[in-house]
Protein chains: 2
Amino acid sequence: MLNNINEARLKAMNLKELLALSEELRENITQSVLKNGGHLSSNLGTVELTVALHYVFDLPKDKIIFDVGHQCYSHKLLSGRSLSALRQLGGVSGFPKREESFFDCYNTGHAGTSVSAALGMAKARDLSGDDYNVIAVIGDGSFNNGLVYEAFNSLRLLNTRVLVILNDNGMSIAPTVGSMHEYLEILSHDMAHDEKKERHAKIFERFGFGYDGVYDGNDLEKMITKLTEVKERLKTESVILHILTKKGKGYEFCEENPEETHGISASGIQKADFNSVAPVTEYSQMLGKKLCSLAEKNSKIVAVTAAMTSGLGLSEFFEVFPDRAVDVGICEEHATILCASMAAAGYKPYYAVYSTFLQRSFDEIIIDVCGMNLPVTLCVDRAGISGADGETHQGVFDLSYLSLIPNLTVAVPKDVREFEKMLEFSEHFNAPLAIRYPRESVKIFGETSEIVAGKWEYLVRGSGKYAVIACGERALGYALNAGEILRKNGVEITVINARFVKPLDSEMLLNLTEKYIVTVEDNMLIGGFGALVDAFYSESGKIIKNVAYADKFITHGSVKKLMNEYGVSEESIIGFVEKYENR
Amino acid sequence: MLNNINEARLKAMNLKELLALSEELRENITQSVLKNGGHLSSNLGTVELTVALHYVFDLPKDKIIFDVGHQCYSHKLLSGRSLSALRQLGGVSGFPKREESFFDCYNTGHAGTSVSAALGMAKARDLSGDDYNVIAVIGDGSFNNGLVYEAFNSLRLLNTRVLVILNDNGMSIAPTVGSMHEYLEILSHDMAHDEKKERHAKIFERFGFGYDGVYDGNDLEKMITKLTEVKERLKTESVILHILTKKGKGYEFCEENPEETHGISASGIQKADFNSVAPVTEYSQMLGKKLCSLAEKNSKIVAVTAAMTSGLGLSEFFEVFPDRAVDVGICEEHATILCASMAAAGYKPYYAVYSTFLQRSFDEIIIDVCGMNLPVTLCVDRAGISGADGETHQGVFDLSYLSLIPNLTVAVPKDVREFEKMLEFSEHFNAPLAIRYPRESVKIFGETSEIVAGKWEYLVRGSGKYAVIACGERALGYALNAGEILRKNGVEITVINARFVKPLDSEMLLNLTEKYIVTVEDNMLIGGFGALVDAFYSESGKIIKNVAYADKFITHGSVKKLMNEYGVSEESIIGFVEKYENR
């Protein structure tokens, strides 16, 4: 049925056909995710809801905003898109994308934005005198984020009408935490045990929402009935529809392992990219292992996460040191301030977070952590291009937005062993420190010399004309490969491991005799590592090429393909050297 | 009494003496603020509360965190500091500063951080087995910020005890807005009209707080009694103490004009700094005037602010176009998404905000505004050094953190007339645009040529050896002054007005024959305008000096003194030219 689906055909279906369509969606999603990687259990849980939304509302005239957006696969299929090349370069994105379809009205990727966005759209509708409906679909995990509260708080002020569908499955990626979650559980419990109970929830009514819940979001018939009712109600007021769905619905393995099946990697895609010779410990595993061993002897070490504990490698830490481990849910700003204040009170906090989500903490890193020069260590995972999740998840800005902050030292390990040494170094480093690293670890570049703040190391000494200065495993991989190729062509280049992006190793830079310099990094060109080197040498007359990402958002695809596509490759390095060698 | 004040003497006072002390505080604060500028009405409102806190609690063992921190003057005086050089270079800061006193345990400046910080401190206390109290003092304006919700949501999770004093005066700088504010008003009303009513508020209890309120926070005796009770209660639970205070208490003019007397400028300090010859329209006045005239003809224009409407010059806009004007309260992230979503629905939003507070929206500018390439205009006021408010309020990072974002055009007007032209230009610019400008406008640099995205203009043509490229009124002022001085010494330098920091005028840069370049800006060196020019010229062999702020947090003081102190001055420009002229 999916082959020729459109809104008219879908609206003509009877319940039995809609149920069959749901099963087809479920099958298609599962096959696509197993092939390409992607979000599985959250999409399986929202099939019936999405079918009902398309059946009851008039898309794309009515607007649906999916919070975070990882649960939009059914919506993509129902709006005529194929998942066969899901998350691959050229295929559809795993998140809503306006440029893909009129059915996607607002791009998402980070948590908690949907209610704000719905309010803005509804306000614009009111101003224009249009009459479409605006719907935010938000999970209970996102509900922890402060943005949702800010949006709720302004509903009456904006004097508009939206539908918020609270898709409650008890999980973010990990189980949801916090008092709002407990409150939602109480509501669910009350409703389940007293069918006649008046369906209301004061806390939401205070903010001006009518509340209706709690219903089984995997019951298609029920969803159609409720959405039809709510659509009518929306003519005069804003409504929260609270539904319960089962993450992974329809596949026993997913239902029983919702955290493990939240995000699935296409088998081996990431690794194959980099021609790994032998399996190496991942950075996240190293973080977990090392932090446990440090914390065993140092009772001041605490770990803070924002709903990503497992992906960050910290599950064991949370089990072994429950008192010194805090997962605050999807509250990146609050997590950062908790770290700053614990540091102010004498503790040694490690805030582990994905690079893209750390953007939310930008102001708190400036004001709280660095403004007070507090010894918080930011463990910045998924740095550089993260790949298949696309624009909203690439960790390519961190070297730029972190290096501009006073008092912050920024370290980039060349490999997972150096990462281990940097973690040892961090324990006694009494100031703000960020260590950024990619997801996969595929190479070890020999021994690691002692870590000293702001000190780099030579990996290869060349003939004195060209130096390549690179930071991080991926960039160094390209630098060393380029060096090998150039050596075969008779040119010996120096290769330097810039273990600290800030401060730069000014002593090494001042003594560097090479006139032609290449910088390489897995980050944007603007404001990144190369730009720091350019500024350092601005009065020197050196000839410098910065190999880094061009000033564009980076789409989804495999890491290596994207790196090359956006400007980071061996060829960029070799091209520069050959240009000056041939003069 | 203030002369010899310490905790022991204060605790030995009787009520009459404490009341006299309060009056002395009030007098001292008023005189200091009238002399030096600073926050007046909020400090007058919290005198009794602060005296009671010092009387009942054991400072500095117990920890008080003042949200935003602008209400800490009584606390500074009671902890033995003088306000005689308040906010001046070398004098005390207008905000809490750990480096000033042990009585300041946590630096603040931006809204909503105090409850998170209190929780982190309390958690650290529990882990160490210490027994001090942790108190957050937060106004109802800050209570709108999502951070407060994130902190509340994790109270039970952290399993600790804090006191939150909700200092409710119905104002941020402007009157507080939103549903939480309405809820607080209901509570205040109920309590005032039914003294015997059980004092509780479900919404807070849901989050694990005991609630006690509402009381007159300007009644010293009452405050002492209540805090003594609450201190006992804190041994077993977290408490919200809800009090009402009167902003400006004790001075009729302040009580009647709390918004106007929230922040007071020391008369003429800012202006005198720059030797203004004649009064010129301020940038904020121009924004208000121009936006009104554009909006009159263009019904798609909307304006959004986050509790700063008057300071941004938008009061008239809000009066004339109430439907198209939104003040969401202190919710910078939500404000940004509202703009993005209204733009997605066909509107033309202007988000006006102080540079330092825009840091809170960093992620939303990336993901929502620029990720979808939406025509939102960011009007970034108080950019560059803002002066007397110090570290937490300097707008010196924006050129760095904005220029790294793809799709964003960053404009910097040379004077208020060029600002007007840029606003005209913005109306038809169909992509994300930031325009950044300082508070004061003191100079007009002749005519302004037509604004074209990414196109600069020559202000002075030199002899072809040196070019100074500067952005913004202050930097151009230094550039032109330096040019004058050098001309008298027989050196003719080119001066260029870099009206766009992004994109750079690559055509002009490529054609520039001068070998020696100076960049000048009112921003950090790292990642700023100069760094963009360095990167552009990295392969060119040009000799470049970047005049910008060194990599340090910038303290409080007068604008011009601070600019010179942190590296931006005529001398820096002249010094570079002389160095190469004498070779």
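In this predicted model, Arg87(B) is found in the loop of chain B that runs between α5 (73-78) and α6 (114-128). Its phi is near 65°, a positive value in a residue other than glycine. Most residues other than glycine have a negative phi, and most peptide bonds are trans. One joins Leu59(B) and Pro60(B), with omega about 5°; Pro60(B) belongs to the loop between α4 (47-56) and β2 (63-66) of chain B. Another joins Gly213(A) and Val214(A), again with omega about 5°, and Val214(A) is placed in strand β5 of chain A.

The relation between the chains comes next. Two copies of a chain are related by a rotation about an axis and a shift along it.

The contact between the chains draws 104 residues from chain A and 104 residues from chain B. Tyr149(A), Glu150(A) and Glu539(A) together supply 8% of the area that chain A buries against chain B, more than any other three residues. Between them, the two chains bury about 8500 Å², of which 63% is on carbon and sulfur atoms. Because 100% of the interface residues of chain A are also interface residues in chain B, the copies meet through the same surface.

Polar interactions also cross this interface. The count between chain A and chain B is 10 salt bridges. One of them pairs Arg360(B) with Glu364(A), whose closest N and O atoms are 3.1 Å apart. On the side of chain A that touches chain B, the residues divide into 54 nonpolar, 26 polar and 24 charged.

Tyr149(A), one of the three residues named above for buried area, also takes part in aromatic pairing. The count over all chains comes to 48 aromatic pairs. Among them, Tyr149(A) and Phe207(A) form an edge-to-face pair, 6.0 Å centre to centre with 90° between the planes. Tyr149(A) lies in helix α7 (residues 146-153) of chain A and Phe207(A) in the loop between α10 (202-205) and β5 (209-216) of chain A, so the pair ties together parts that are 58 residues apart in sequence.

Methods. Residues numbered from 1 in each chain as written. Chains lettered and ligands numbered in written order. Predicted model: local features only at pLDDT ≥ 70, side-chain atom pairs only at ≥ 80, totals over all residues. Heavy atoms only, no water. Contact = heavy atoms within 4.5 Å. Buried area = accessible area lost by both parts, 1.4 Å probe. Salt bridge = Lys/Arg side-chain N within 4 Å of Asp/Glu carboxyl O. Nonpolar A, V, L, I, M, F, W, Y, C, P; charged D, E, K, R; others polar. Phe/Tyr/Trp six-rings, centres within 6.5 Å; stacked < 30°, edge-to-face > 60°. Helix = DSSP H or I, 4+ residues; strand = E, 2+ residues; numbered from the N terminus.
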